[in-house]
Each structure stands twice: as C-alpha cells, then as structure tokens.
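Please have the sequence and the model open while I talk.

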Amino acid sequence: MSLTIAYNSTQFSSGKTASKQLKQKAAEFLACTRSTAALTELLGYLKECLVRKAPITPCLLTLESLFTELLRRNEMRMAVGRSAGVSLENDPQANHKQWLLAQYKEAFAIIVSAMNHEKQQESCQALTTAMKLLVAEAHNPPEASGEGNQFPAARLKQIFIAMLSSERLNTHLFNRFLEYTFYLDVIFISWKMMLSLVPRDGVPSDIFVQNFLLMIGAVAFGKDSLKETDNVLCVPLRGPFDYVYVRKQINKTWSFVMNWPLSEEAHQQLLIVLLEKVLPHLDRPVMLTDFLMDSLDVGGSVSMLALQGIFVLIQQHNLTYPNIYEKLYSMFEPEIFHTKFKARLFYLADIFLTSSHLPEGLVAAFVKRLARLALIAPPQDVVIIMRFVGNLILRHPALKRLIFHPTGGEASCDPFVMEERDPMKSKALESSLWEVAALQNHVLPSVAMAAKFIANPLPSVEWDLSSVLEINENDIFDKEIAKKTKEFALNIERPTGMFGICGGELSSQYWKLF
C-alpha cells in the first residue's frame with residue numbers, strides 16, 4: 001500500500017509529549033466528529049511515521065481508542081437497507097457516516113501495513129491494535145446486517161495477508177497471534193479462509209512458505225480444545241464447532257503445502273508442524289510414507305524429525321519399514337550433539353530399543369556406538385549416553401559380557417568397527433565398554449559418577465532419561481559450583497610473588513615480568 005504523507009498535518013513532538021498531544025487531538029475529534037481535520041491529521045501523522053520508520057505505538061494506541069469509541073457509539077453504522085457506498089446528497093448525517101466509515105477502513109489498512117515495521121515491538125503493537133479493532137467491530141458492526149453480529153472475516157484476512165510476507169519472516173507476529181488462536185471462532189474462520197490464502201499462480205518464495213507454515217502452526221488445534229464451546233473472541237458459533245468441515249480444509253490446505261519446493265529450513269519447519277499440529281487431523285497419514293522416507297535420507301535435523309514421523313506411522317498405522325534400525329543407527333554421529341533435536345533422537349531411540357526381543361548383536365552395536373561417541377561428546381550429553389547405555393544393558397542382561405567377559409583376557413585392538421553402517425556386522429559383541437571405564441576418570445565429577453555404573457551392581461529399575469534429556473552445560477556448571485568442598489589444596493611454602501620460585505618448581509624461574 002502506498003502512503004501519502006499529509007505535510008500540512010500538525011507537527012507532533014516525540015516521547016510522552018507526543019502521546020499527550022495525540023490523545024488531545026483524539027479527544028478533540030470525539031467531542032465533535034464534524035471536525036474532520038483532527039482525524040485527518042492523526043492518519044497523516046501515522047503515515048508520516050511509517051515512512052520515516054519512527055516509533056508508531058503512541059499513534060496506534062490513540063487510533064485504537066478513537067475508533068473503538070466511534071464503533072461503540074455506532075457513529076459509522078448505516079441503517080439497514082441503506083448501502084454505505086451510495087452518496088446521499090440530501091442526508092448530511094448519512095454522508096458523514098460514510099466518510100467516517102471510509103476513514104476507518106483506511107486507518108485499518110494503514111495499521112495492517114504497519115505490521116511490516118522494521119522494529120518487532122512496533123509491528124507486534126500494530127497486530128494487537130488491529131485485533132482489538134476487529135473485536136470492537138464484531139461487537140458493534142459499522143455496517144448493519146439483518147443476520148446480527150458476525151465475525152469480521154474480511155478484517156482477519158487483511159491481517160493474514162500482511163503477515164504472509166514474501167520478503168521477511170514474521171515469526172514474532174505469529175507468536176503474538178497465538179494469543180488469539182485459543183478461541184474457537186478465530187480457529188474456525190481462519191481455516192475457512194485458509195484455501196483462499198494459498199497462491200495458485202507460480203511457485204511461492206521460501207519466505208512465504210515458512211510464513212504460511214507458521215500460520216498453520218498458529219491456528220492448528222488439539223481436539224481437547226473443542227470441548228469448551230463457549231470459548232470465543234468475537235461472536236458465539238452458530239451451533240457446535242464443525243470439526244468435519246475444518247478437517248476437510250486442513251487436508252486440502254496440506255495437499256497444496258506438500259507440493260511446494262522446500263529449502264532445508266522450510267523442510268524442517270514443515271516436519272515440525274506436521275508432527276506437532278497437523279498429523280492427527282489428516283485423513284490418510286499413510287500417504288506421507290514416501291515423503292518421510294525421502295526425508296530420512298536428507299540428514300541432520302530433517303532426518304531426526306522424519307524418524308519421528310515414521311515411528312508414529314509404525315505405531316499407529318501398522319507401517320512396515322524393514323531398515324528402520326539401520327537408519328536409526330546411522331543417525332548417531334558426532335553432529336547430533338550440536339542440533340537442537342538431539343533430545344528427540346534419544347527419546348525415539350529409547351522407544352525403538354525398548355523391546356527385549358531385539359537381537360543382542362543389534363543392541364550391542366548401539367551400546368558400543370554410543371560409548372564411542374561419549375568420548376567426544378559434551379559433558380551434558382555424556383550423562384545422557386551413560387543412562388541410556390545402562391538402560392539397554394538392563395533390558396538385555398546378556399550384554400553384561402561387554403563389562404565382564406566370561407573368558408577374560410586382553411586384546412591389542414578393539415574389534416568393533418565404528419565405520420560399519422550395518423549394526424549386525426559391527427562386531428560389537430566381541431568388544432568391551434572400555435570407553436565407559438575411561439570416562440570414570442573424567443575431570444567433571446558428574447560425568448565420572450555417571451560412568452561408574454559399570455563398576456557397581458546394576459539397579460533393578462531403569463534410569464529415568466527424561467530428567468537428563470534437557471540439561472545443558474550451564475546446569476552442570478551451576479551444580480558444581482554449588483557444592484561445598486571440605487578439602488582445599490594449599491601450597492607447602494608461602495609464595496614470594498606471582499612468578500617466584502616456590503616448592504621446587506623449576507619452570508617458574510623462566511617466567512619474568514616486563
């Protein structure tokens with residue numbers, strides 16, 4: 001939308017003074033709505049602020065309160081049977097209402113365009129103002145209808161179009177919009193218009209795809225939320241929530257999304273939205289099998305998320321995937337410790353390896369691979385690995401041979417083949433957990449203590465992985481410094497200086513301050 005600056009508008013100050021002047025100007029107009037210059041100056045000032053990329057929050061709040069009051073007074077409401085688009089020369093009051101309605105529509109369009117402000121705080125305020133005006137319009141519609149109050153769907157569509165930018169990622173706006181997706185009327189109207197927001201001509205840009213996925217994630221809902229039928233933002237629903245219709249809209253929309261080209265970021269985001277929001281509403285989830293299997297070969301976070309989708313299809317829809325354990329085995333690489341979905345991978349691996357009927361060679365390969373990775377893993381991840389390895393040994397007691405070999409003896413090299421992609425051919429059962437034994441001498445007490453499980457009798461119940469999946473290095477550091485140490489290491493001889501010879505340390509004599 002092009003903005004024309006009203007250069008003859010009142011020059012408002014900045015800061016609190018500007019806010020006070022704006023409120024005075026709004027009060028002046030509300031006292032006499034025939035004084036059209038005041039409203040024109042306010043709109044012109046907002047346009048000017050947008051062009052100068054200046055703060056717009058005071059002006060947004062002023063226009064919000066002004067138009068909310070006009071809507072409450074029904075100052076713009078035309079009588080039933082009269083069109084707001086027809087000029088009535090002999091009816092000054094109707095002409096004035098038409099002018100006010102035109103100003104309101106222009107102001108709403110400017111406020112929506114302000115959602116593209118470069119400062120996130122200002123753009124989020126524009127979204128909040130637009131939604132509050134939407135609610136006020138629903139309760140006091142400016143255009144009378146014989147069907148009573150209705151949800152202002154056209155206004156909501158304006159907001160969505162502004163957020164579905166092809167140039168900038170509007171994560172902050174969709175996060176703010178989550179405040180309104182708790183209401184059933186917002187959910188229903190959003191999905192009702194969703195297909196009209198799907199571009200039909202050409203291929204959408206990657207930014208648009210990510211914004212569209214953010215929108216789907218924002219308006220997606222759980223079936224439990226449908227129980228509160230009176231939970232609405234604007235107007236009550238006409239009858240119960242039509243889930244059958246909304247589900248059809250979700251499936252049609254998702255069929256378009258799946259055909260769009262995806263970058264790695266969009267691919268990852270699509271899988272997150274699919275797994276956490278959309279999958280329970282799909283009519284035929286098994287049709288996703290090919291897409292998820294192709295995603296397993298992408299690598300990184302995409303493969304981890306695809307693995308979760310495969311697991312859901314195996315668990316809930318009887319999907320058969322013969323090489324799933326080889327895929328899972330290949331995902332345990334050093335790179336997993338630097339992804340934000342590593343906790344999800346350990347959680348899924350724990351579920352996949354729950355059965356006590358799995359071949360010992362297969363489970364032993366996972367144990368050895370994890371133990372080898374523990375040598376290079378960050379401390380917080382070593383604790384997770386030790387718990388996981390311990391649980392696998394508890395489920396498969398025969399794996400105790402990796403700790404205490406029945407025949408004993410020594411080996412000149414480790415027979416385990418880390419590079420082997422097939423876990424059954426890795427020779428894990430011929431090896432031992434020397435990596436865990438080495439970690440008992442780790443510099444961090446928490447890591448060393450976690451590794452000492454092989455030197456103590458194993459517990460009768462498994463360790464709880466959920467308590468350590470989300471820990472980070474800061475948690476370990478805070479825990480260590482909170483400990484009260486009873487023994488302190490002191491010098492035998494009192495030092496004479498920072499680099500003085502003390503206690504026979506010959507190397508100190510080569511240090512000299514300049």
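This is a predicted model: local features need pLDDT of at least 70, side-chain atom pairs count only at pLDDT 80 or more; totals for chains, interfaces and linings use all residues.

Which helices do the buried residues of α15 pack against? They pack against α11 (264-278), α13, α14 (324-331), α16 and α17 (379-395). Residues are numbered from 1 along each chain as its sequence is written, and side-chain values use heavy atoms, with hydrogens and water left out.

Now some terms. Helices (DSSP runs of H or I, at least four residues) and strands (runs of E, at least two) are numbered from the N terminus. Buried stands for under 20% relative accessible area, exposed for over 50%, and partly exposed for what lies in between, with a 1.4 Å probe and protein chains only. Contact stands for heavy atoms within 4.5 Å.

With those in place, the overall picture is that the protein has 20 helices and 0 strands, and that 47% of its 514 residues count as buried. Among contacts with a separation of 6 or more, 73% are between residues 24 or more positions apart.

Back to α15, which spans residues 342-352 and is mostly covered, with 9 of its 11 residues buried. The buried ones are Lys 342, Ala 343, Arg 344, Leu 345, Phe 346, Leu 348, Ala 349, Asp 350 and Phe 352, so charged residues are on that list as well, given that Asp, Glu, Lys and Arg count as charged, Ala, Val, Leu, Ile, Met, Phe, Trp, Tyr, Cys and Pro as nonpolar, and the others, Gly among them, as polar.

Not counting residues up to four places away in sequence, Phe 332 touches Leu 345, Phe 346, Ala 349, Phe 366, Arg 369, Leu 370 and Leu 373. Leu 373 lies in helix α16 (residues 360-374), and it counts as buried because its relative accessibility is 2%. Leu 373 and Phe 332 are 41 residues apart in sequence, yet their C-alpha atoms are 8.1 Å apart in space. With neighbours within four places again set aside, the contacts of Leu 373 are Phe 332, Glu 333, Pro 334, Phe 337, Ile 385 and Met 418.

Phe 332 and Phe 346 also belong to the residues with the most contacts inside the largest nonpolar core, together with Ile 159, Phe 177, Phe 212, Trp 254 and Met 386. That core has 161 residues, where a nonpolar core is a set of buried Ala, Val, Leu, Ile, Met, Phe, Trp, Tyr and Cys residues joined through side-chain atoms within 4.5 Å. It draws at least three residues from each of domain 1 (16-78 + 99-150) and domain 2 (358-496), the bounds coming from an automatic or database domain assignment. In soluble globular proteins, nonpolar side chains tend to be buried together.

Next, a helix pair. The axes of α12 (residues 289-296) and α13 (residues 300-317) come within 8 Å and cross at roughly 145°, the axes being lines fitted to C-alpha atoms over the stretch in contact, with angles from 0 to 180 degrees between N-to-C directions. On the α12 side, Thr 289, Leu 292, Met 293, Ser 295 and Leu 296 take part, and they meet Val 302, Ser 303, Ala 306, Leu 307, Gly 309, Ile 310 and Leu 313 in α13. By class, this contact has 8 nonpolar, 4 polar and no charged residues.

A second pair is α3 and α4 (residues 92-113), whose axes come within 12 Å and cross at roughly 145°. Here Leu 60, Phe 67 and Leu 71 of α3 meet Gln 103, Tyr 104, Ala 107 and Ile 111 of α4, giving 6 nonpolar, 1 polar and no charged residues.

Also in α3 (residues 57-73) is Glu 64, which counts as buried because its relative accessibility is 13%. Beyond its neighbours within four places, Glu 64 is in contact with Gln 125, Thr 129, Lys 132 and Leu 133.

Finally, two loop residues. Asn 74, in the loop between α3 and α4, has a positive phi near 60° and is partly exposed at 32% relative accessible area. Asn 318, in the loop between α13 and α14, has a positive phi near 55° and is exposed at 68%.
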